[in-house]
Amino acid sequence: MNRVSACLKVSVFSLLVAIGSLSGNLIAQVNIKAGYNFSVLTDPGLNQVISTFNNSQQYSRSFRQVNWLHGFEGGLRFKSDIHAFELSYQSAYQAMSAEGHLLPELDSLTDKINISVNTLAAGYQVSTGLMGVGVDVLYQFYNSRVRLSGKDQFKDRQEMWGMKFYLMFTLEGSGYIDAAIQPYFVLPLDTYNNDPVSQYLNQEAGPPADKWTRIGISIIFYNGNK
């Protein structure tokens, strides 16, 4: 971990502690949040690893590229006037499969690759009526799992900090539930190492590491007193 990243993490943590202490002195309403998210990512390195493996196999249907992730999210919001403090969990994943036949028996086979990013987040949000903005500090768990016919299952986990910046457009409901549309941008503070999955699939080191920056959108429902 370099010194700049360490200082950034300490500064962000101190900011969150200050926000939490401040919110404790305010009369805040508590909302439960739940929703769905979809994001687009670009990691040429990981897709190169998958393409190299596809080219070495005799699949009738190969693994597709990893260009998007989706999943559910939930958490709590502590809101006072225009200010809010949120604690959240977000899952984003893609499950892929490839099909072929075992030679010479010609028995069918299905190989699988699952990619997921599970995130714990704490952040600050400000909103007035329809419009709002927010920023989250993220701790992300990058999970890769590969199941190939005739081989032991492969698992890899990488952990890193990140930041999420988003806009919020709130559609107020007539009851106790509001809907919010949140376009967002995720910026990891470290890179994803392609070597473990490449060494398992292709027996060679992977392409250079890259950051999994993502652009996405969440549809969130807030349930509670307004």
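**Aromatic rings in close-up**

The structure holds 11 aromatic pairs, a pair being two rings of Phe, Tyr or Trp (its six-membered ring) with centres within 6.5 Å. This is a predicted model, in which local features need pLDDT of at least 70 and side-chain atom pairs count only at pLDDT 80 or more, while totals for chains, interfaces and linings use all residues. Residues are numbered from 1 along each chain as its sequence is written, and side-chain values use heavy atoms, with hydrogens and water left out.

**View 1. The stacked pair of F38 and W68.** The ring centres of F38 and W68 are 5.9 Å apart and the planes meet at 25 degrees, so the pair is stacked (planes under 30 degrees apart; over 60 is edge-to-face and the rest tilted). Because F38 belongs to strand β1 (residues 29-41) and W68 to strand β2 (residues 68-80), the pair ties together parts 30 residues apart in sequence. Strands are DSSP runs of E with at least two residues, and helices are runs of H or I with at least four, numbered from the N terminus. F38 is partly exposed, at 33% relative accessible area, and W68 is also partly exposed, at 29%. Buried means under 20%, exposed over 50% and partly exposed in between (1.4 Å probe, protein chains only).

**View 2. The edge-to-face pair of Y142 and W212.** Their centres lie 5.2 Å apart, with 70 degrees between the planes. Y142 is in strand β5 (residues 131-147) and W212 in the loop between α3 (195-202) and β8 (214-223), 70 residues apart. Both Y142 and W212 are buried.

**View 3. An aromatic cluster.** F53, Y59 and F63 form one aromatic cluster.
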